[in-house]
Amino acid sequence: MGVVVVVVQDLWVMILILILMLGFCGVLNSQNLTCNSNDLKALEGFMNGLQSKVEDWNSSTDCCKWVGITCNSSSSLGLNDDDHVSYRVTSLILVDKRLTGKLSALANLDQLRALNLSHNFLKDSLHFSPLFQLPHLQLLDLSNNYLYGPLPHSINLPSLTQLHLSSNLFNASLPTHICYNSTRIRYLTLQSNTFSGHIPAGFANCTSLEQLYLGTNLLTGPLPQDIFQLGKLEDFTLENNMFSGLLSSGIGQLSNLRNLDISSNNFSGTIPDVFSNFKYLDSLIAGSNKFIGAVPSSLSNSPTLATLNLRNNSLGGVFELNCSAMTSLVSLDVGTNDFTGLLPANLSLCKKLGNINLARNHFKGEIPKSFGDFQSLTYFSVSNCSIQNISSALRVLQQCKNLSTLVLTLNFYDEALPLDPSLNFEKLKVLVIASCRLTGSMSSWLSNLAMLQVLDLSWNRLTGTIPLWVGNFQDLFYLDLSNNTLTGEIPRNLTQLPSLIDRNVSLNGSSNIPFFVRRNTSSLQYNQIDSFPPTIELDHNFLTGEIWPEFGNLKKLHVLVLNSNNLSGPIPSELSGMTSLESLDLSNNNLSGSIPLSLENLSFLSKFSVAYNNLSGTIPTGGQFQTFPNSSFEGNKLCGEHRFPCEKDHGSQGSIKQSRRRRHVIIGMAVGISLGSVFILTLMILIVLRTHKKREAVSKQLPENDLEELGSRLVVLFRNKDNSNKELSFDDIMTSTGNFDQSNIIGCGGFGLVYKATLPDGKKVAIKRLSGYIPPEYSQASVATYKGDVYSFGVVLLELLTAKRPMDMCKPKGLRDLISWVILMKEEGREVEVFDPFIYDKQHEKEILRVLEIAYHCLSESPKVRPTSQQLVSWLDNVNI
C-alpha cells in the first residue's frame, strides 16, 4: 500500500513539473514572438519594390506584429527549427492601402497561405513571377490593380483554392493551364482584363471549380467542349466578350449552375432547349446577343428561375411563359425583341413577379385585365409596343398596389389623357407617358400621386395651363412637360418644390432596366434610373409671363430648360442661387435686359444658352462663361470680348462693373495663391462627391428605328418638331468642309473649331468639330456610361491642376490637346512642369503628384480599368495637405 502511495505521489510530482515546464516555455515563447529571418528579408524586399510605404511597417523588428501580417509557429506548421522556436508568415492582407510599385520578393514567403493585395495601384508584369510557385498558397487575390502582360507559362499552386485576378490589364490567352497543377481551385475570377482569343482547353482539370468569372475581356469563338465537364460549377459569367456561333447544348451538362450570364456577346441561332437539366438555376442573363426563334420550352417552364433577361435579341413569335410552373420568377426582361401578338394574359400567375420589361416588341391590343392581379409588381414597362386604350390600361394597372415605376411611352397614339378623377396609384414614384401624341390637359388624377418623384409627359399634344398642384408634390425632382402645347404662366409654386430645395431623394430599389433619353439634339442610353439629375424641362411650349426670381431657391436643381416659349421680362439675378445647376437653356423666348453678372457664380454650369431673345449689354466673362460657344448668345444685341465686338461707348455702366470685378479678381487671386493647394483639393473632392450622386438622366423609351439610325449612321441630324428627317454621311461632311480645310475656319467655339460648309443640297451651314471632355469610346457608340463620366472627370482634374483648357483649338497644332501633353510630360518624367504655379509648391509636391496620378487613371483608354466613384472618393479623401 505504501509503495502505491509513493508511486502516485511521484506521478503527481512529474505532472506538476511538466506543467511548470510547459508554462515556462510558453512565457519564453510569448517573450520571443519573432518572425523567421528569411520571412523578414522577403518582406523587406517587398517594401523596397514599393514606391509607397505600408503604414506601421518597420515600427517593430518583429514583422509578425506588422499591419496585415499573420504568423503561425513553426511547430504548428509541422516544421522543425534547429535553434529556437520561430514564427512563419502565413498571411499577408493589405487591401485598399494605396500601394504603388512592383511585386518583389514575396515568392520567398514559402509558408504563405493567403495573399491579398487587391484594390491598390500595383503596376508590374507577372509573366516571369515566381509568385505562382508557392506550394502552400490557398488564396491569391491581386484584383483591382494595374498588373499587366500574360501570366507565367508554368503555374504550380497545388494548394490553391481561390484565385482572383479581375480588373487588371492581363492579356494574351486565357490561362487555362493553371488547372494542370492547381486542381483544387474552387473560385476563379479573371473578368475585366484584356484576355483575348479562343478559350484554350484545360478548364476541365479544375474539377472542384464552383465559380468562374470571365466577363469583360476580348474572348472570341465558341465555348470549348471541355468547359462543360465542370460538374460542380455554380456561377458562370461570360458577359461583355465577343463569343460567337451557336450556344452549345453542352451547357446543359452544367447541372449545378445557379447563375449564368452570357450577355453582350454575339451568340446566334436558337437558345438550346436544355434548361430542364438545371435543378438550381436562379438567374439567366442572355441579353444583347443575336438569338432568334422562340423561348425554349424548358426555359419557360423553369420552377427555380428568379431572373430571366433575354433583352435585345431577335427572339420572335408569340411570347408565352408557363407561370403555373415558374413559381420563383421575380424579374422578367424580354425588351427589344420581335415578339408578336397579344400580351400574355397568364403572366399575372407568376405571383412573385416584381419587374417586367416588355418594351420595344410588336405586341398589340390592350393591357390584359388580369394584369391587375399582380401584387408584387413594382416596375412595369411596355413602351413602344403599339398598345391601345390608355383609359383601360390605367384602370387595370392602378390595381397593382405596389407599382412604383410605370413606363408607357410610344403607345396610345392620338388618344386623350384620361380625365377620370378616381384613378390613383398609391405607391407610384415614376410615371413616363411620353411621345404618345396624347391630347387633352393635365388631368387632376395626377395630383393624387402623392409619392411621385419623376413625371414625364413630354412629346405629346397636351393643352391648357400647367396646374398649380404640380408644385405641391413633396418628392418630385424630375419634371418633363416639354414639346407640348401648354399655355399660360409657369406656376410660381413650382419654385417651392421641397425636393429641389433641400432634400436628397433617390429611387431606392429601382430596376436595372435601361431607359433612353430623347433630346432635341441627341439620344443616349442609360442603364440606371435610380439617380436621375434633378430637372425641370418645360421647353417647346407656348408659356408666357416671366421667369420667377424664386427659381433661385432650387439649390438642388441640376437642369432647367425653358427654351422655345414666349417668356418675357428680365433674367432674374437670383438664378445664381441654383448652386447645383449644370444646364440652363433660356433661348428662343422674348427675354429682355442683360445677362446678370451673378450667373458667373454658377460653378457647375456646363451648358448655357440665351440665344434669340431681346437681350443687350455685355456678355459676362467670369466663371464658366468663357467655355460657352458664341451660339449661346447669338440672336441678341449682346457683345463681349472675343465674341461680338462692343461699340466704344456701349455699356459704360457695365464697364465700371467689369473694372470693379477685375480689381476684386486680383485681390481674390492674391488670397488664392496662399490657399491654392487646400482649395484645389477641396474642390476636387466636392466634384467627386457630386459626380457620385449625379447619374444618368431620366430616360424615355425611343422608337426602334431611332436606335437603328443611331447605330448605322456616322452623322445624325435629329428631327425637328415638324418631324422632317435629314441625314448626312461622314463623307458628306468631309466634302462640304473641304476635308476640314483651314481656309474654311470661320470661328472657334468652346470645344472646337467652326467651319463653313456647303451641303449636298446647296444649303450653307456652320459645322463644329467637337473635342474636349468626350471619352474616346463615345465616337463608336451612342451609349453614355459611368466610366465615360469618369474620363470626363479626369479631364476636369487636369484643368484644375494645370489651369488650362482641355482642347484649345484656337492654338497652333501640337499645343491644343491638354491630355496628350500631360501624358507626354509624365512619360518624360516632367510632371511637375504641368502644374499651375499658383497651386504648386515643393512642400506639397507629393500630394499634387498623387492627384495627377488619379487623373491619369481616370483618362485610361480602356473604360473598364478606370476607377469607380468609391475609389475616387477614397483616393482623393486620403490626399493629405
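The model is a predicted one. It holds five disulfides. A disulfide is a covalent bond between the sulfur atoms of two cysteines.

**The link of C64 and C71**
- C64 and C71 are joined by a disulfide, with an S to S distance of 2.1 Å.
- The torsion about the S-S bond is -100°, and the link of C64 and C71 is left-handed.
- C64 is buried, and C71 is buried as well.

**The link of C323 and C350**
- A disulfide connects C323 with C350, and the two sulfur atoms are 1.9 Å apart.
- This link of C323 and C350 is left-handed, with -90° about the S-S bond.
- The pair ties together distant parts of the chain, 27 residues apart.
- C323 lies in the loop between strand 21 (314-318) and strand 22 (331-333), while C350 lies in the loop between strand 23 (338-342) and strand 24 (355-357).
- C323 and C350 are both buried.

**The link of C639 and C646**
- C639 and C646 form a disulfide with an S to S distance of 2.0 Å.
- The torsion about the S-S bond of C639 and C646 is about 100°, so this disulfide is right-handed.
- C639 has a relative accessible area of 4% and is therefore buried, since buried means under 20%.
- C646 has a relative accessibility of 34%, so C646 counts as partly exposed, a class that lies between 20% and 50%.

**Two further cysteines**
- C400 counts as buried because its relative accessibility is 3%.
- C436 also counts as buried, because its relative accessibility is 0%.

**Helix 8 and helix 10**
- Helix 8 spans residues 786-802 and helix 10 spans residues 845-858; their axes come within 7 Å and cross at roughly 150°.
- Helix 8 is therefore roughly antiparallel to helix 10, as angles over 145 degrees count as roughly antiparallel.
- The crossing of helix 8 and helix 10 is left-handed.
- On the side of helix 8, the contact is made by V790, Y791, F793, G794, L797, L798 and L801.
- On the side of helix 10, the contact is made by I848, V851, L852, I854, A855 and C858.

Note on methods
Residues are numbered from 1 along each chain as its sequence is written. This is a predicted model: local features need pLDDT of at least 70, side-chain atom pairs count only at pLDDT 80 or more; totals for chains, interfaces and linings use all residues. Side-chain values use heavy atoms; hydrogens and water are left out. A disulfide is a pair of cysteine sulfur atoms within 2.5 Å. Buried means under 20% relative accessible area, exposed over 50%, partly exposed in between (1.4 Å probe, protein chains only). Helices (H or I, at least four residues) and strands (E, at least two) are DSSP runs, numbered from the N terminus. Axes are lines fitted to C-alpha atoms, for helices over the stretch in contact, and angles run from 0 to 180 degrees between N-to-C directions. Angles under 35 degrees count as roughly parallel, over 145 as roughly antiparallel, 65 to 115 as roughly perpendicular and the rest as oblique. A crossing is left-handed if the near helix is turned anticlockwise from the far one by less than a right angle, and right-handed if clockwise. Contact means heavy atoms within 4.5 Å.
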